[in-house]
Amino acid sequence: MKKIYFMFATIVVALFMTSCSLCAVDGGEEGVFIKQPLFFGDGGVQEEALTQGSEWKVFSTNFVTYSTVNTRYSVSFDDISSDETTLLDITAHIFLKIKDGKSPILHKNYGPNWYENNIKEKFSEHVRNFVSQHSMKTLISERECYDKINDELKNDMTTHIAELSKTKELPIEVVMVVIDKAKPNEEVREELNN
């Protein structure tokens with residue numbers, strides 16, 4: 001009988017040891033645990049983020065890491081029209097930061113694809129509007145217009161995030177916006193050279 005108890009205990013311990021894993025975060029990261037209990041207990045996003053070190057998790061719990069440093073998201077446009085319908089190529093960058101300790105709220109409210117689903121399209125729309133209001137000459141040669149629009153876009157995106165947060169908190173800060181200087185697309189460049 002003791003042998004049976006010993007074997008059963010050994011199997012339980014072995015299953016427990018093989019079903020657990022160690023989750024760790026590096027500097028500039030936060031970890032979010034998403035519990036999915038098989039038999040009993042509450043599931044869902046754990047409210048406390050793992051901000052340093054490591055922690056054990058069972059096999060039924062998922063672990064997602066989020067960067068908490070300034071992260072650049074870029075959108076490139078090929079053949080975007082200026083105000084006189086000249087086709088230009090331009091790249092815009094937005095630098096975003098997750099507020100410290102708020103990654104569980106971000107994951108719970110917007111999921112891991114929060115940027116693609118909630119910010120990217122609005123940012124792209126604002127950049128398109130900016131380009132369509134200026135001439136090719138202005139966009140190619142006058143850097144001052146970019147300084148102004150970078151500040152305007154930062155304010156617009158901050159307002160957009162505040163609007164989203166009225167429904168569900170979106171714990172994101174807009175650090176800055178940078179638009180690279182526009183250049184005519186290849187066909188326009190050939191025509192200008194001719």
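How many disulfides does a search of the whole structure find? The search finds 0, a disulfide being a pair of cysteine sulfur atoms within 2.5 Å. Welcome to a predicted model, in which local features need pLDDT of at least 70, side-chain atom pairs count only at pLDDT 80 or more, and totals for chains, interfaces and linings use all residues. Residues are numbered from 1 along each chain as its sequence is written, and side-chain values use heavy atoms, leaving out hydrogens and water.

View 1. Buried means under 20% relative accessible area, exposed over 50%, and partly exposed in between, with a 1.4 Å probe and protein chains only.

**View 2. Helix 6, residues 144-167.** Helices (H or I, at least four residues) and strands (E, at least two) are DSSP runs, numbered from the N terminus. The buried residues of helix 6 include Cys145, Tyr146, Leu153 and Ile161. They pack against strand 7 (87-98), helix 3 (114-118), helix 4 (120-132), helix 5 (136-141) and strand 8 (172-179), where contact means heavy atoms within 4.5 Å.

**View 3. An open sheet of 3 strands in the order 3-2-5.** The pairing is antiparallel; two strands pair if DSSP finds at least two bridges between them. Strand 3 (44-45) and strand 5 (62-67) are the edge strands, each pairing on one side only. Strand 2 (residues 29-35) is joined to strand 3 by 2 bridges, and here Ile34 stands opposite Val45.

Note on methods
The expected span of a helix is 1.5 Å times one less than its number of residues.
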